[in-house]
Amino acid sequence: MSQDTLKLLVSQAAADYVLAHTPAGAVIGIGTGSTVNYFIDVLAERKVFGSRFSGAVSSSNASTSRLQMHGIEVFELNQIETLPVYIDGADEINPHGQMIKGGGGALTREKIIAMVAKTFICIADVSKRVDTLGHFALPVEVMPIARSALSRKLLALGGMPVLRTTSNSTPYLTDNGNQIIDVQHLNITDPLTLEAEINSWPGVVTVGLFAKRPANLCLLASAAGIETIQYA
Ligand SMILES: O=C[C@H](O)[C@H](O)[C@H](O)COP(=O)(O)O
């Protein structure tokens, strides 16, 4: 079974779950990435917005465009007081629901929306499940002025910092106008401590470790079917 098929299957399962567990009229949180793109398309196909749900808040300009292309109303997070659910993908997820995110560059807005949401549902294919985080390079969104200084600090931490670039070899810029350092070769045995440490450095906007705010639930697709994993 291809990875794309697994992404579609997990998106269909997530739509079923969200429809069964979310109050009518709610605004729901939508993340970013290739898995979420399938999820947006599945929700649009089922015509649940404007009827079952009022609309969405989105973690990136790309997801906002896709939602709007389907005619789905997108709210600013500042307009919303409560968010029952946030659905997003992950680059890696460990047995505690802690994740590396930001492969698509949306980590900061993702973390903000995850903070507001009551329930964070991670949707992923089985390739994202790991015992220890860090095989996937850890994204760190930084203010451009701090890039070199922060790269030296990440190197001292034992990682290999690489500035994310576009296909034109210019620095990749996030929706917030910042840059991303991808840190390779980290073996993250204590995600909570590492998240707090990196986040405390001036110039760091967000580290793509979701340890303090892990997922509550993961729907994980494999050839065997969809596994629902609930975290304590
Ligand atoms: O910034 C992007 C997000 O954190 C994504 O959730 C993550 O990169 C996973 O994306 P995908 O579903 O494309 O593997």
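Trainee: Which helices each supply at least two residues of the shell around the ligand?

Mentor: Helix H2 and helix H4 (107-116) do so, where helices (H or I, at least four residues) and strands (E, at least two) are DSSP runs numbered from the N terminus. This is a predicted model, in which local features need pLDDT of at least 70 and side-chain atom pairs count only at pLDDT 80 or more, while totals for chains, interfaces and linings use all residues. Residues are numbered from 1 along each chain as its sequence is written.

Trainee: Which of the 17 residues around the ligand come nearest?

Mentor: Gly 33, Thr 35, Gly 89, Gly 103 and Gly 104 come nearest, a residue being near a molecule if its C-beta atom, placed from the backbone, lies within 6 Å of it.

Trainee: How are two packed helices described, and at what angle do H1 and H2 pack?

Mentor: Two packed helices are described by the angle between their axes and the distance between the axes. Here helix H1 (residues 3-21) and helix H2 (residues 34-45) pack at an angle of about 50°, with their axes 8 Å apart; axes are lines fitted to C-alpha atoms, for helices over the stretch in contact, and angles run from 0 to 180 degrees between N-to-C directions. H1 and H2 are therefore oblique to each other, since angles under 35 degrees count as roughly parallel, over 145 as roughly antiparallel, 65 to 115 as roughly perpendicular and the rest as oblique.

Trainee: In what order do the 3 strands of the open sheet lie?

Mentor: The order is S4-S5-S11, with antiparallel pairing, and two strands pair if DSSP finds at least two bridges between them. Within S11, Leu 209 is the bridge partner of Ile 100.
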